2 protein chains.
Amino acid sequence: MQTIKQYVEENKQRFLDELLELLRFPSVSADPSYKEDVLNTADYVANKLREAGAENVEICPTAGYPIVFGEKIIDPSKPTVLVYGHYDVQPADPLELWKTPPFEPTIRDEKIFARGACDDKGQFYMHIKAFELMIKSDSLPCNIKFMIEGEEEVGSSNLGLFVKANKERLKSDVVLISDTSMISLENPSLETGLRGLSYLEVEVTGPNRDLHSGVYGGAVANPATVLCQLIASLHDTNNHITIPGFYDDVLSLSEEERNSLNEAPYNEDEFKNDLGVKALWGEQGYSTIERTGIRPTLEVNGIWGGYIGEGAKTVLPSKASAKISMRLVPNQQSDKITQLFKEHFESIAPEYVNVKVTPHHGGEPVVTPTDSVAYKAAEKAIEESFGKKPIPTRGGGSIPIVALFEAELGIKTVLMGFGLDSDNLHSPNEKYDIANYYKGIETIPLFHKYFAELSLEQN
Amino acid sequence: MQTIKQYVEENKQRFLDELLELLRFPSVSADPSYKEDVLNTADYVANKLREAGAENVEICPTAGYPIVFGEKIIDPSKPTVLVYGHYDVQPADPLELWKTPPFEPTIRDEKIFARGACDDKGQFYMHIKAFELMIKSDSLPCNIKFMIEGEEEVGSSNLGLFVKANKERLKSDVVLISDTSMISLENPSLETGLRGLSYLEVEVTGPNRDLHSGVYGGAVANPATVLCQLIASLHDTNNHITIPGFYDDVLSLSEEERNSLNEAPYNEDEFKNDLGVKALWGEQGYSTIERTGIRPTLEVNGIWGGYIGEGAKTVLPSKASAKISMRLVPNQQSDKITQLFKEHFESIAPEYVNVKVTPHHGGEPVVTPTDSVAYKAAEKAIEESFGKKPIPTRGGGSIPIVALFEAELGIKTVLMGFGLDSDNLHSPNEKYDIANYYKGIETIPLFHKYFAELSLEQN
């Protein structure tokens, strides 16, 4: 532990500067106009892997953005850890809400503000620096492989093919991902599950053209009004989702499981104050921790139709649309839920409009075992560097590829995230605490150490 | 009638070319970026008035866009007609739906396609050409005043002050407006009433920032979902508006009045086919003609919130907004309805969101008497030029200033419109039939002739 702390201490400024440089690339995978920047980011990551001591570093082309691979095999008989991360980021808009520009990282009260600061540049880069540390201090205890992709924020559309085609090259004993959050530095936690996702777009069409709302209003269905009525009908008064069969496959937890989950520190007033809301909302019969962890949801991510410019336009629009995503929990299947939504939404559409449902992408929910060697290694690593055993939690977000790795590579994943829920992921003013960044770099080598040791004991 | 027909025949091409030139000005009053174009349009109109023979032509400044005034007083003892029109137009978007650019007027099958072709450039310009005709043929039978404004499409915000300040100058016996439609050239009609308007914007705010829909989804109210629920609740299952007191002041018509209204030619299948809808929608218990004529409505003119760009973003938005307008019928008051909406919308907002209701503008509904000299003159004029007595109809649109003239100048208005409901007002591919344009120019001098004659008889 001393060598680790010392190395981090001696290199902290450089570690920070390199991350800031990485954050300056506007690697927005959802927006084609950033194509060059996304590709340049892949180059940067590949170079840093080489500098840190990785071998066989390659920018692997895909039908979309490339995947950066690199590895260090010290002894084929030793266990191998596959580190996954993503160098692409969410769109930054609404830009006007950023205090400082999203791609000009700025440090305020010990926090780095930039799009991608936490999700996921700040977090995957900790692994490259921890790897550098283990190489330089000649303490790498196991084999390590890196797979950093550039399409996570748009559904990892090409990662599946890559994994299928490179099973040998990616062969490992566990996947290690830092792309989630912990409760706090005082209350470190480890996520033991993630929600799945079904993301789609709906379009409601009324008349074949925009109409004058005075001449036609009252006699022709307004697709914006109808879209609102359809969306409103998707939740009942208890905020249950009304899609027939939606909950059929939901894995319900035992009382004990629910209780231990609810033991995680949570202060409702702090939670409300942080969000600036007077009251919370959610499915009746469940706590906030359960609503975001073990229950599925349906959210409108975007809605638009008619005249949305300055001033007034008295138009009865021809179309109205919405982007809707559902978070899924263990045992639900993304494709099945997408299909259930499509059938239901089409079935409730009144005859005076046409509806179109277009699936975007999805991902399966996962549960990671807490009795595995890898989980125990993460637990010990955190306990040593934080001085406190981590609390097992369920993450509300989705990392679809976790299920993919399990299916294709037959290995489990450990979600060792160092972010905070307050890091504004996907929001303006995304940030990452410098303390968490350094703490992560200190903790990761301990994970590799204990994973190697415990794997040995096991055999 | 012969002189009229002959003059129109001899000048048809020039009449058309001048209108096309007028239509090339993108005089969009709602969008500040067109300011220069709107002002240039006012100059063009003023010059054309002068060329036609108007005196005291002036571009009268207001706090917004100027009002073009001009007049010809042949004999103060003779009756005076005040012609009103507007040279501003609706925004042209969505641009991609225009077959030819909105400000490059194009003629296809005897129709002029351009923004403003019918509303209102094509219609008010008929009056300038008819005036030219009466001057050149020395047949102007009464005094005439022109007041062409530039802010009708944004609520005529400054016209009220101008009228109040210029009562003497505007003193007339009747207001003549061509800014409405008739059923068809085969079934000419005259509008005897117009709906009022209350236009406002609502904003629903949930959390103080956009949130990650995975981390927070399910535990925090989504303002887009809530906005949909609130909008959905504004109509009941019979498509009645649910705002308490909304219908209190509605003037209901007698059976005879309703029957005569429903005698207007209307073919439901043609109506549906033209709009491309399988079924119609509207308030239970009323016909399409009643729904668009004598009943109030509530329409969503625009809605937006969250991520509406390309691709997917898993965001739980902080805000969602909508532009909503209500069409009012005789006896309802714009301010009162706006207030009722505001109070109701705020009262139904759940505690987990904040709502803000911002009134845009409004206008009062009007009924024009069918027993007045002016109406009879219009009736005779149309009967002579169309060979058919006009059918009295109720217009669904709103021309707020009609009520203003009645209040401030104490005179009634005649709505002699030559447009068609199928002219795509406020929509892409707005058009005006060349035949209607010429027919209007032929009919207007007859109105002045009979108005002068009948006024004389009356005294």
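Helices (H or I, at least four residues) and strands (E, at least two) are DSSP runs, numbered from the N terminus. Axes are lines fitted to C-alpha atoms, for helices over the stretch in contact, and angles run from 0 to 180 degrees between N-to-C directions. The model is predicted: local features need pLDDT of at least 70, side-chain atom pairs count only at pLDDT 80 or more, and totals for chains, interfaces and linings use all residues. Residues are numbered from 1 along each chain as its sequence is written, chains are lettered from A and ligands numbered from 1 in the order in which they are written, and side-chain values use heavy atoms, with hydrogens and water left out.

Two strands pair if DSSP finds at least two bridges between them. Strand β5 (residues 111-113) of chain B is joined to β18(B) by 3 bridges, and the two run antiparallel. In this pair, Ile112(B) stands opposite Tyr432(B) in β18(B). Contact here means heavy atoms within 4.5 Å.

In chain A, 3 strands form an open sheet in the order β4-β5-β18, again with antiparallel pairing. Strands β4 (106-108) and β18 (431-433) of chain A have a single partner strand each and stand at the edges, so one side of each is left without a neighbour in the sheet. Thr106(A) stands opposite Phe113(A) in β5(A). Helix α13 (residues 434-458) of chain A lies across β4, β5 and β18 of chain A, at about 60° to β18(A).

Two packed helices are described by the angle between their axes and the distance between the axes. For helix α11 (residues 373-386) of chain A and α13(A), the axes come within 7 Å and cross at roughly 135°. That makes α11(A) oblique to α13(A). Angles under 35 degrees count as roughly parallel, over 145 as roughly antiparallel, 65 to 115 as roughly perpendicular and the rest as oblique. The crossing of α11(A) and α13(A) is right-handed. A crossing is left-handed if the near helix is turned anticlockwise from the far one by less than a right angle, and right-handed if clockwise. The contact residues include Ala377(A), Ala381(A) and Phe386(A) of α11(A) and Leu446(A), Phe447(A) and Tyr450(A) of α13(A). By class, the residues of this contact divide into 12 nonpolar, 4 polar and 4 charged. Ala, Val, Leu, Ile, Met, Phe, Trp, Tyr, Cys and Pro count as nonpolar, Asp, Glu, Lys and Arg as charged, and the others, Gly among them, as polar.

Helix α1 (residues 2-23) of chain A packs with helix α3 (residues 121-136) of chain A at an angle of about 140°, with the axes 10 Å apart. Helices α1(A) and α3(A) are therefore oblique to each other, and their crossing is right-handed. Among the residues that meet are Phe15(A) and Leu19(A) in α1(A) and Phe124(A) and Leu133(A) in α3(A). The contact of α1(A) with α3(A) has 10 nonpolar, 1 polar and 6 charged residues. In the loop between β5 and α3 of chain A lies Asp120(A), and the peptide bond from Asp119(A) to Asp120(A) is cis, with omega near 0°.

Chain B can be laid on chain A with an RMSD of 0.1 Å by a turn of 180° and a shift of 0.0 Å along the axis. The two copies are thus related as by a two-fold rotation axis. The superposition is by least squares on the C-alpha atoms of residues with pLDDT of at least 70 in both copies. Of the interface residues of chain B, 100% are also interface residues in chain A, so the copies meet through the same surface. Helix α6 (residues 223-232) of chain A and helix α6 (residues 223-232) of chain B pack at about 110°, with their axes 8 Å apart. That makes α6(A) roughly perpendicular to α6(B). The crossing of α6(A) and α6(B) is left-handed.
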